[in-house]
Amino acid sequence: MTAGEQALTHLDHPGGETLAAETQQPDVLDGPFSTRQLLHIDEALRIADRETGLTFSVYVGDLADPQRAAAEKLHGQLADPDRSVLIAFSPNQRILEVVTGAEARRRIPDRDAKLACLSMAAAFAGGDLAGGVIHGLDQLATHAGRA
């Protein structure tokens, strides 16, 4: 992963060593989010997963051309792509993609995903990247409904 890219999923080692105990800062802190924002995004991911039974992931970083195909490739690398939703965005390229697997797409139609994208794009345009991601996750989870 290059500097400035962030792949956000659940914390790898809850209860493990704190960032203060490390001698070098991890690459994830080089991205556009503060530690507090990352924790809020992680919490939003956990809530969306728990409430829907789907797996939500966020990727922040440059996407190779063609961007949609790059986002679909990332989605295909998830543990259970059929039951997964990926929000991939590149602040530098001004690109936002939401990729849903077969099962997730039955619960989150393209129309609802586009509405969530519009909401996220509005927040991003206002400079609120973390808030856009969190609200987008909430909207997608709400449209998916309970597990």
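Two remarks on the basis of the work come first. Residues are numbered from 1 along each chain as its sequence is written, and side-chain values use heavy atoms, with hydrogens and water left out. Because the model is predicted, local features need pLDDT of at least 70 and side-chain atom pairs count only at pLDDT 80 or more, while totals for chains, interfaces and linings use all residues.

I begin with the strands. Helices (H or I, at least four residues) and strands (E, at least two) are DSSP runs, numbered from the N terminus. I shall call a residue buried under 20% relative accessible area, exposed over 50%, and partly exposed in between, with a 1.4 Å probe and protein chains only. Strand 2 covers residues 55–60, and five of its six residues are buried, so the rest of the structure largely encloses this strand. Strand 3 is mostly covered as well, with seven of its seven residues buried.

Which way do the residues of strand 3 point? Ser-84, Leu-86, Ala-88 and Ser-90 point one way, Val-85, Ile-87 and Phe-89 point the other way, and all are buried. In a regular strand, side chains alternate between the two faces of the sheet.

Now to the neighbours of strand 3. Two strands are said to pair if DSSP finds at least two bridges between them. Strand 2 and strand 3 pair in the parallel sense, over six bridges. Within this pairing, Phe-56 has Val-85 as its bridge partner in strand 3, and Ser-57 has Leu-86. Strand 3 is also joined by six bridges to strand 4, residues 95–100, and these two run antiparallel. Here Leu-86 stands opposite Val-99 of strand 4. The hairpin of strand 3 and strand 4 has four residues between the strands, and Arg-94 in this hairpin takes a positive phi near 60°.

Strand 2, helix 2 (residues 67–76) and strand 3 make a right-handed β-α-β unit. A crossover is right-handed if, with the strands pointing away from the viewer, the path from the first strand over the helix to the second runs clockwise.

Next, the interior. A nonpolar core is a set of buried Ala, Val, Leu, Ile, Met, Phe, Trp, Tyr and Cys residues joined through side-chain atoms within 4.5 Å. The largest such core has 28 residues, and Phe-33, Phe-56 and Leu-140 have the most contacts inside it. Helix 1 (35–52), strand 2, strand 3, helix 4 and helix 5 (129–144) are the elements that give two or more residues to this core. Helix 5 gives the most, with seven residues. A second, separate core of seven residues includes Tyr-59, Leu-63, Ala-71 and Leu-86.

I turn to the aromatic rings. Rings of Phe, Tyr and Trp (its six-membered ring) pair if their centres lie within 6.5 Å; planes under 30 degrees apart count as stacked, over 60 as edge-to-face and the rest as tilted. By this rule there is one aromatic pair. The ring centres of Phe-89 and Phe-124 are 4.5 Å apart and their planes lie at 20°, so the pair is stacked. Phe-89 belongs to strand 3 (residues 84–90) and Phe-124 to helix 4 (residues 110–125), so that the pair links distant parts of the chain, 35 residues apart. Both Phe-89 and Phe-124 are buried.

Finally, the charged side chains. A salt bridge is a side-chain nitrogen of Lys or Arg within 4 Å of a carboxyl oxygen of Asp or Glu. How many salt bridges does the structure hold? There are six salt bridges.

One of them joins Glu-97 and Arg-68, at 2.9 Å from N to O. Glu-97 lies in strand 4 and Arg-68 in helix 2, so this contact ties together parts that are 29 residues apart in sequence. Glu-97 is buried, at 16% relative accessible area, whereas Arg-68 is partly exposed, at 35%.

Another links Asp-42 with Arg-46, at 3.0 Å from N to O. These two residues are four apart in helix 1, and therefore about one helical turn separates them. Asp-42 is buried, with a relative accessible area of 4%, and Arg-46 is partly exposed, at 33% relative accessibility.

A further salt bridge holds Asp-112 and Arg-111, at 3.0 Å from N to O. Asp-112 is buried at 10% relative accessibility, while Arg-111 is exposed at 60%. Salt bridges that share partners also join Asp-42, Glu-43 and Arg-46 into one network.
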